[in-house]
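Subject: Structure for your review

Dear colleague,

Please find below the structure that I am handing over to you. My findings follow it, and I would ask you to read them with the model open.

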Amino acid sequence: MVAYRNIIRGTGFAALGAALAATTPALAQDSGGDDSIVVTAQRNNQTEVTRGGNGGVFGDKAAEDLPFTIKSYNEALILNQQPQTLGQLLENDPSVRTGFAFGNAAELFVIRGFALAGDDVGLDGLYGIAPRQLIAPELYDSVQVINGSSAFINGAAPGGSGLGGSVNLLPKRAKRDLVRATVNYTSDEHFGGSVDLARRFGDNDQWGVRVNGVARSGDVSIDGEFRSAYTAGGAIDFDNGPLRLSLDLAYQRVKVRGLRHKVALGFGVNAIPAVPKADANYSQPWTYTEMRDVFGILKAEYDIADNAMVYASFGARDGMEDGIYGGITVLNATTGAANGNALYVPRTDNNEAAQAGLRVKLGTSITHEINFGGSMNWQVNRNAFDFLYGPGFAGFDTNLYNAPEVPIPASAFVGGDLNDPYPVGRSRLLSAFASDTIGAWDDRILLTVGLRVQSIRQKSYSYFGGALASTYDEDAVTPVFGLVVKPADGLAFYANRMEGFEKPDPAPATVGASPVTNSGAVFAPVKTKQLEFGAKYSFGRFNASLAAFQIDRPRPGVVADPANAGQVIYGLTGEQRNKGIELSFDGELAKGLRLIAGGSLIDAKLRRTLGGINQGNDAPGVPEYLVNANVEWDLPFAPGLTLTGRVVHTGKQAANQANTLELPSWTRFDLGARYVAVVADKPVTLRFGVDNVANKRYWASAFEVFSPDLLQGAPRTFKASASIEF
């Protein structure tokens with residue numbers, strides 16, 4: 001690995017490309033005419049979307065049997081596109097866009113116009129077990145997206161997000177014997193490699209072992225931004241008749257230095273700044289974030305009869321974070337003059353999650369699939385903070401277009417013990433669920449009704465001494481109603497009414513520059529309500545789905561306090577209504593020609609706002625439309641060669657609730673190719689790709705909490721890799 005890296009550093013990227021090109025004919029000559037090896041390897045490399053998957057309490061189901069939209073992006077897509085983060089992988093989904101949640105590298109996903117925090121990404125159906133902030137995709141067999149409010153399916157997410165959809169990571173399994181080694185490169189100087197081993201053994205292949213590891217490090221295409229990731233994962237599974245067991249254990253360490261963070265707009269800035277150069281970096285070189293996670297899941301299933309199964313799983317994660325996070329607030333949109341600051345945060349997390357249930361199917365002409373069980377989630381967060389704002393919280397002078405390097409500002413305010421943070425939050429989520437799916441007409445009509453009782457208990461502790469500051473203990477019921485009608489093979493119509501569930505944050509001390517009269521007020525849980533209907537079609541290797549939805553989410557707002565001049569009252573009387581249409585299709589249009597594509601239209605409006613402020617305006621950070629298309633073509637006249645291309649288009653979006661600021665639409669093009677050859681009867685796959693071919697500069701997304709925040713899109717990025725399977 002070190003020798004390979006030194007060779008690449010000495011020759012440069014151009015020499016790497018030339019070396020691969022020069023080697024390809026020789027590899028082809030070595031194949032010995034064994035076309036079957038090339039055909040098999042090319043088939044295993046096909047990027048695919050699986051319709052169906054882990055439906056939470058409903059179990060593993062085909063998409064046509066579920067009253068909601070579910071898609072899974074496979075392992076080959078991860079290997080071919082070489083995403084370094086989960087967000088880069090989810091760029092393939094026409095209903096998902098990615099941003100940063102805070103000033104650090106925490107990814108945030110917007111599904112159907114609502115945020116899903118990285119903390120609330122599931123791992124095999126359990127929340128709080130996957131690494132938070134940044135997730136290395138190489139450890140996972142597939143990444144599953146469920147569209148819509150889904151508090152019933154896997155329970156409420158601990159962070160209260162995921163109201164427009166959820167993401168679930170499925171660990172790798174030993175499906176076939178495999179030994180694969182990969183080396184890769186990402187511009188400008190990011191090098192890495194991975195190994196992936198799988199074996200099945202035993203009298204009936206009942207035992208399986210899968211081990212994979214990844215190491216990559218170096219500067220990426222954004223000027224001065226460094227990233228590294230070191231991960232290792234192992235899985236053991238046992239499948240023998242009625243009993244199935246699995247154990248997954250993993251380690252991940254990720255570091256980012258000089259992260260190009262989001263850009264905040266200061267009070268009074270009434271224009272969107274021009275986008276800096278595509279590879280520009282306005283962060284400081286001393287900013288960094290380092291995260292270490294050890295996590296795992298133990299899972300068991302047992303068929304107590306041909307029509308009945310019990311199941312249980314338990315997961316845990318020990319996480320550590322440490323970083324100095326930077327921020328920049330633009331004060332003049334024309335010149336780019338800005339104020340900078342920094343924040344140091346040490347943090348640890350200790351999370352556990354468990355679920356158990358029983359699934360029984362009864363009847364013949366009229367069937368009942370009954371599910372009942374429960375889930376539990378415990379989380380302990382320890383952290384502290386140090387506001388590095390300098391004397392008087394003044395920060396430092398900087399500029400969006402020409403950021404000078406400055407020393408780390410002096411400490412202005414410290415909370416907690418920076419050397420040994422003590423608990424500042426403990427939470428416990430409990431739920432119990434029951435559902436019945438009634439089938440008729442040979443299960444061509446499926447009616448689902450269910451309830452989940454959810455309870456949230458949370459304790460918050462003071463940063464100054466660790467004393468108990470507040471307790472939150474509330475519960476709610478989230479029902480689900482679903483209908484599936486399958487009039488013909490491959491065709492299904494569906495409808496659902498589902499809900500999301502979240503604990504609102506307490507009223508803050510200030511909103512902008514205005515003090516909040518009811519600061520610290522605690523609010524009862526709120527539920528997001530969804531209505532959806534649609535159709536799904538599957539024929540051979542072609543799949544399509546169409547959905548229309550409406551989601552109503554209560555949201556906070558402020559109104560002037562008539563009894564206290566200059567102060568505001570914080571409340572939850574407002575609402576955001578997102579109405580939309582989604583279309584997606586994937587499959588093989590012709591032999592060797594595959595397509596993953598789709599689009600969505602979303603009309604997101606603010607309703608019932610406090611005092612009528614911004615009533616009827618577009619919700620910030622929700623594009624009017626999204627369009628994606630990803631194509632692969634196995635060239636019939638060049639065996640082993642596949643051309644790839646992708647277009648990602650995002651419509652305009654409001655940048656603030658007042659709708660006085662707006663981001664224009666943007667389009668990005670990606671191109672690539674891969675070639676399969678044979679060396680000593682072993683398949684070798686060479687991949688090359690370019691993301692953002694035109695090196696377009698654009699503001700990718702906008703969010704507004706108390707001020708508008710902008711996130712810049714990534715610059716042109718070259719990627720190359722070589723894999724060999726033994």
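Does Tyr344 count as buried or exposed, and why? Please keep in mind throughout that this is a predicted model. Tyr344 counts as buried because its relative accessibility is 18%, and the limit for a buried residue is under 20%.

**Surroundings of Tyr344**

Tyr344 lies in strand β18, which covers residues 337-362. When neighbours within four places in sequence are left aside, the residues in contact with Tyr344 include Tyr288, Gly323, Ile324, Phe385 and Leu418. Asp322 is also in contact with Tyr344, and the side chains of these two residues are joined by a polar contact of 2.7 Å. Val414 is 70 residues away from Tyr344 along the chain, yet their C-alpha atoms are separated by 9.3 Å.

**The six-stranded sheet**

Six strands form an open sheet with mixed pairing, in the order β2-β1-β3-β8-β9-β7. Its edges are β2 (60-62) and β7 (122-123); each has a single partner strand, so one side of each is left without a neighbour in the sheet. Val145 is found opposite Val167 of β9.

**The three-stranded sheet**

A further open sheet, with antiparallel pairing, has three strands in the order β4-β5-β6. Here β4 (96-100) and β6 (114-117) are the edge strands, each pairing on one side only. On average, neighbouring strands of this sheet are turned by 35° against each other, direction ignored. The antiparallel pairing of β5 with β6 runs over four bridges, and Val110 stands opposite Ala115 in β6.

In soluble globular proteins, nonpolar side chains tend to be buried together. The largest nonpolar core in this model has 28 residues, and among those with the most contacts inside it are Leu86, Leu90, Val143 and Val167. Elements that contribute two or more residues to this core include the helices α3 (75-81) and α4 (86-90), together with strands β8 and β9. Leu90, apart from its neighbours within four places in sequence, is in contact with Val96, Phe109, Val143, Val145 and Val167. A second, separate core has 16 residues, including Val263, Val269, Ile328 and Val330.

Yours sincerely

Technical notes. Residues numbered from 1 in each chain as written. Predicted model: local features only at pLDDT ≥ 70, side-chain atom pairs only at ≥ 80, totals over all residues. Heavy atoms only, no water. Pairing = 2+ DSSP bridges. Core = buried A, V, L, I, M, F, W, Y, C linked by side-chain atoms within 4.5 Å. Buried < 20%, exposed > 50% of the residue type's maximum accessible area, 1.4 Å probe, protein only. Contact = heavy atoms within 4.5 Å. Axes fitted to C-alpha atoms, helices over the stretch in contact; angles between N-to-C directions. Polar contact = N/O pair within 3.5 Å; in protein donor to acceptor, adjacent residues only side chain to side chain.
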